[in-house]
Amino acid sequence: MTDPIADFLTRIRNAITAKHKVVEIPASNLKKDITKILYEKGYILSYKYVDDGTQGIIKIALKYHPESKVSAIKSLERISRPGLRKYASVDKLPRVLNGLGIAILSTSQGVITDKEARKLKVGGEVLCYVY
């Protein structure tokens, strides 16, 4: 697999399209950090790391509106990819939907959102947009 983050986002996107309640994804430290951010910002219901002896699995419970069954995640978009890396300095950090969405960045301070990066005054690689 050449782009595990794109695979992570695609699995979530496909599970939302199929209206699944839970999606299982092969684990890595970067994927765990992205999942933690999605949980903290309210885009997913819950998550659990299952150690299966090898790589491990992240089980993500997706969040839907109770009556209309519309997902909390409208769009997951991969920005920086292995063929074309996208970096942003502090003054050029992206704003997703004028601040309604989040951009997830990999910085020297760890994996954080665009708002946290502005507070910490750090730039980094723009991994994805979520709204």
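Of the 131 residues of the protein chain, 40% count as buried, where buried means under 20% relative accessible area, exposed over 50% and partly exposed in between (1.4 Å probe, protein chains only). The structure is a predicted model, in which local features need pLDDT of at least 70, side-chain atom pairs count only at pLDDT 80 or more, and totals for chains, interfaces and linings use all residues. Residues are numbered from 1 along each chain as its sequence is written, and side-chain values use heavy atoms, with hydrogens and water left out.

The protein chain has three helices and eight strands, these being DSSP runs numbered from the N terminus (helices H or I, at least four residues; strands E, at least two). Their order along the sequence is α-β-α-β-β-β-β-β-β-α-β. The radius of gyration of the protein chain is 15 Å, close to the 14 Å that the globule rule gives for 131 residues, so the chain is as compact as a globular protein of that length. This radius is taken over C-alpha atoms, and the rule is 2.2 Å times the number of residues to the power 0.38. The C-alpha trace spans about 40 × 40 × 25 Å along its principal axes.

Six salt bridges are found in a search of the whole structure; the criterion is a side-chain nitrogen of Lys or Arg within 4 Å of a carboxyl oxygen of Asp or Glu. The table includes some of them.

| Pair | Closest N to O |
|---|---|
| Arg78 and Asp3 | 2.9 Å |
| Asp114 and Arg118 | 3.5 Å |

Arginine 78 forms its bridge with aspartate 3. Arginine 78 lies in strand β4 (residues 76-78) and aspartate 3 in the segment before α1 (4-17), so the pair ties together parts that are 75 residues apart in sequence. Both residues of this pair are buried.

Aspartate 114 and arginine 118 both belong to helix α3 (residues 114-120), four residues apart, about one turn of the helix. Aspartate 114 is buried at 2% relative accessibility, while arginine 118 is partly exposed at 27%. Glutamate 40 and lysine 36 are likewise four residues apart, both in helix α2; lysine 36 is partly exposed, with a relative accessible area of 42%.

On the surface, Lys41, Arg95, Lys115 and Lys119 gather in a patch of positive charge. Patches are made of residues with over 30% relative accessible area and no salt bridge, like charges being joined within 9 Å. Lysine 41 sits in the loop between α2 (29-40) and β2 (44-50), and is partly exposed with a relative accessible area of 39%.

Conventions. Patches are made of residues with over 30% relative accessible area and no salt bridge: like charges are joined within 9 Å, nonpolar side chains (Val, Leu, Ile, Met, Phe, Trp, Tyr) within 5 Å. Accessible areas come from the Shrake-Rupley method with a 1.4 Å probe; for residues, only the protein chains shown count as cover. Lys and Arg count as positive and Asp and Glu as negative; His and the chain ends are not counted. The place of a charge is taken as NZ of Lys, CZ of Arg, CG of Asp or CD of Glu.
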